[in-house]
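Biologist: Please take a close look at the salt bridges of this model, and walk me through the pairs and their surroundings.

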Amino acid sequence: MTHYDLIIIGTGSANSILDDRFSDWRVAVVEKGVFGGTCLNVGCIPTKMFVHTADVARTTETGARLGVDAELRAVHWADVRDRIFGRIDPIAVSGREYRHTHPDNAHVTVYEGAARFVGERTLRVRPSDGTDDEVITADRFVLGAGGRPIVPDVPGLSTVGYHTSDSVMRIDKVPDRVTILGGGFIAAEFAHVLASFGADVTVIVRSGAMLRAQDTDVSSRFTELAAQRWDLRLHRTVRSVRRTDSGAALEVDGPDGSETVETDLLLVATGRQPNSDLLDVAATGVDTTAGGYVAVDEFQRTSVPGMYALGDLSSPYELKHVANHEARVVQHNLLNPHEQEPADHRVIPHAVFSSPQIASVGVTEQQAREQGLTYVVALQDYAGIAYGWAMEDTTGFAKLLADPDTGELLGAHIIGPQAPTLIQPLVQAMSFGLDAYSTARGQYWIHPAMPELIENALLNLPLNR
């Protein structure tokens with residue numbers, strides 16, 4: 001067995017921990033797949049490159065209400081795919097080569113293969129090249145092994161050749177018919193992409209709405225708009241799946257009885273799960289939550305001293321900006337074991353890059369009620385601001401929740417164009433303790449720019465002043 005000062009498992013955000021301050025440490029980095037993690041290879045970066053292209057393709061569809069008569073001739077999927085991965089794949093390759101060969105990494109040993117704990121601080125690595133397993137140990141560990149798509153237990157599913165978000169972006173062409181299982185953000189984003197590129201999209205959802213984790217008003221509006229664009233089937237349960245000559249057929253139970261949905265491509269988008277089971281973290285004494293996430297304290301420490309975890313393996317947020325923050329916290333705590341720094345998970349925004357876009361931070365109204373919070377609500381439609389007029393947007397809005405006495409912002413939810421950009425002033429206000437009135441009145445808001453949506457929403461809050 002080879003012993004290290006530090007073993008890092010996963011090359012997503014955890015890979016950013018190493019800098020010249022670790023040059024006198026003996027370090028091992030373990031990666032079972034492609035360097036760069038979920039975000040770079042199968043997550044936020046390639047998906048948003050596809051989403052932006054989809055937004056461009058859809059401008060011909062939405063331009064008519066502005067008096068623009070445009071026609072979409074074609075979207076060349078292979079060209080789009082190759083442009084995107086032609087930029088992304090070299091980054092993953094160069095990241096791998098940097099760890100293997102750069103002089104800065106002379107103290108780092110890279111293990112490529114699947115890792116599994118086999119005892120206290122003891123890791124067995126099965127090399128990808130088929131050579132003999134290696135067992136390594138360390139004083140300290142960083143667990144950053146991420147997560148993977150959830151595949152539901154549906155009879156016949158394993159035999160039909162389905163896709164997940166990990167594979168669907170690499171297909172050779174967009175088929176005529178696509179069926180998506182799931183109603184979360186992955187389903188919403190890929191439905192937008194594939195429909196914009198010409199597919200007839202069917203979305204099958206178990207519940208009565210898409211994006212149920214969002215504020216109810218946002219979820220309801222998105223579901224309403226999704227039903228106008230896609231074949232949205234709510235309150236459905238997939239009973240079985242079978243292969244057909246052209247793809248797959250799904251036997252579905254719904255409110256009106258049984259249905260058969262035939263499709264050329266089946267995309268399973270029912271969520272993701274942490275890879276704690278693949279690592280067998282219990283074998284080294286690490287506790288997990290009911291959802292399978294590695295349990296950590298405010299310092300990102302696991303139940304085993306000297307062992308930290310971060311990112312999708314330990315965080316139910318499953319957001320790259322959270323993982324990057326946690327990596328910086330873990331880096332500090334490794335270097336300063338007697339001056340531990342806590343992670344800041346107070347104000348965490350997230351976004352859905354579908355059409356329309358959605359952004360959210362803080363509590364939803366349903367959560368505020370469940371928690372017994374005292375709050376007031378303000379709504380502002382895009383149609384009520386000058387730039388909303390310019391866009392002829394009749395469906396988007398911002399919704400704010402605040403404490404009526406202090407003006408403290410409790411939550412913000414936006415559905416409409418550029419929602420993830422528009423929400424940032426509210427994230428800043430919540431992070432730095434600015435009340436709603438001061439945020440609205442204490443600065444200029446450019447007229448007639450879209451941030452007036454936020455200004456007006458803030459001014460609409462019925463505060464006790």
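Modeller: A salt bridge is taken here as a side-chain nitrogen of Lys or Arg within 4 Å of a carboxyl oxygen of Asp or Glu. In this predicted model, the count by that rule comes to 25 salt bridges.

One of them brings together the side chains of K48 and E189, with an N to O distance of 2.8 Å. Because K48 belongs to helix α2 (residues 44-62) and E189 to helix α4 (residues 185-196), this pair ties together parts that are 141 residues apart in sequence. K48 is partly exposed, at a relative accessible area of 22%, whereas E189 is buried, at 5% relative accessibility.

Another salt bridge joins D172 and R81, N to O 3.2 Å. D172 sits in the loop between β6 (147-149) and β7 (177-181) while R81 sits in helix α3 (residues 77-101), so the contact links parts that are 91 residues apart in sequence.

E259 lies in strand β12 (residues 257-263) and R233 in strand β9 (residues 231-233), so parts that are 26 residues apart in sequence are tied together. E259 counts as buried at 16% relative accessibility, and R233 likewise counts as buried, at 19%.

Beyond these pairs, D215, D217, E365, R369 and K399 are linked in a network of salt bridges.

Methods:
Residues are numbered from 1 along each chain as its sequence is written. This is a predicted model: local features need pLDDT of at least 70, side-chain atom pairs count only at pLDDT 80 or more; totals for chains, interfaces and linings use all residues. Side-chain values use heavy atoms; hydrogens and water are left out. Helices (H or I, at least four residues) and strands (E, at least two) are DSSP runs, numbered from the N terminus. Buried means under 20% relative accessible area, exposed over 50%, partly exposed in between (1.4 Å probe, protein chains only).
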